Amino acid sequence: TMTMSTPLIQMEGIEKVFHTEDLETHALSKVNFAINKGEFFSIAGPSGCGKSTLLSILGLLDTPTDGRYLLDGVPVNGLSVKERARIRNEQIGFIFQSFNLIGDMSVEDNVELPLVYRRMEKKERRARVASVLERVQMSHRAKHLPSQLSGGQQQRVAVARALVGDPKILLADEPTGNLDSVNGEKVLDLLKQLQAEGSTICMVTHDDRYSNYASRTIHLFDGTVQRVVDTERPLDLKAGVLS
């Protein structure tokens, strides 16, 4: 049988304090949780509860004031800015609410960008781009500009860009925030499919309908974890996600 492996993400006693003049705001206090490989994890809660701060720390865009963050067993707290940037590029795929695609670049060039920073050979880059565009069913739009696509299509391209580097974890920040409910559901179906194919996903959402897609949901309120809920049946056993 498979032994329980190290969680992909471990957050231990994470605190984030912001100081302004004579005020200190505890954006996060004593946050503890772990995300396992192959899990679809959701961070839910009202706006201003600390979700974005937590996602920034998860994505190595920000550092905690206190506590420990282990990514695949490696503490990332004390790393240099350069190291953090390298880990972000190689191990984390970001999907944003506003898609963040570059307007004057084609779909395929947008998706290729994270690989360009890695100095990967053009031939391999092109092969990877073609493969992920197929996975999100956007191959037929490879030469289009983002402005020629619907919101739902742009979000699919953003998912492809997040996937192209084969990251250890996908971080999705309100990925359905700018989409109507039909397209929102399509994006979540896509994420669900990626999870079935082995991706680990952490999604921030304030919409309870979408939390149900996740395997576990952590509820934040005023910077503290209120509860962690199992939101669905365990994934199919043949995928080897569970021992």
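Modeller: Let's start with phenylalanine 96 in this predicted model.

Colleague: Is phenylalanine 96 buried, exposed or partly exposed?

Modeller: Buried means under 20% relative accessible area, exposed means over 50%, and partly exposed is in between. Phenylalanine 96 comes out at 26%, so it counts as partly exposed. Phenylalanine 94 has 16% relative accessibility, so that residue counts as buried.

Colleague: How many aromatic pairs does the structure hold?

Modeller: There are 2 aromatic pairs. In one of them, phenylalanine 33 and phenylalanine 41 are stacked, with 5.2 Å centre to centre and 20° between the planes. Phenylalanine 33 and phenylalanine 41 are both buried. Phenylalanine 94 and phenylalanine 96 form a stacked pair too, at 5.8 Å centre to centre and 5° between the planes.

Colleague: Why do those angles get the word stacked?

Modeller: Because planes under 30 degrees apart count as stacked.

Colleague: Okay, now histidine 206. Where is histidine 206 found?

Modeller: Look in the loop between strand S8 (201-205) and helix H7 (208-211). Use the cut-offs again: histidine 206 has 52% relative accessibility, so it counts as exposed.

Colleague: Which residues does histidine 206 touch?

Modeller: Leaving out residues up to four places away in sequence, histidine 206 touches Gly45, Lys51 and Glu174.

Conventions. Residues numbered from 1 in each chain as written. Predicted model: local features only at pLDDT ≥ 70, side-chain atom pairs only at ≥ 80, totals over all residues. Heavy atoms only, no water. Helix = DSSP H or I, 4+ residues; strand = E, 2+ residues; numbered from the N terminus. Buried < 20%, exposed > 50% of the residue type's maximum accessible area, 1.4 Å probe, protein only. Contact = heavy atoms within 4.5 Å. Phe/Tyr/Trp six-rings, centres within 6.5 Å; stacked < 30°, edge-to-face > 60°.
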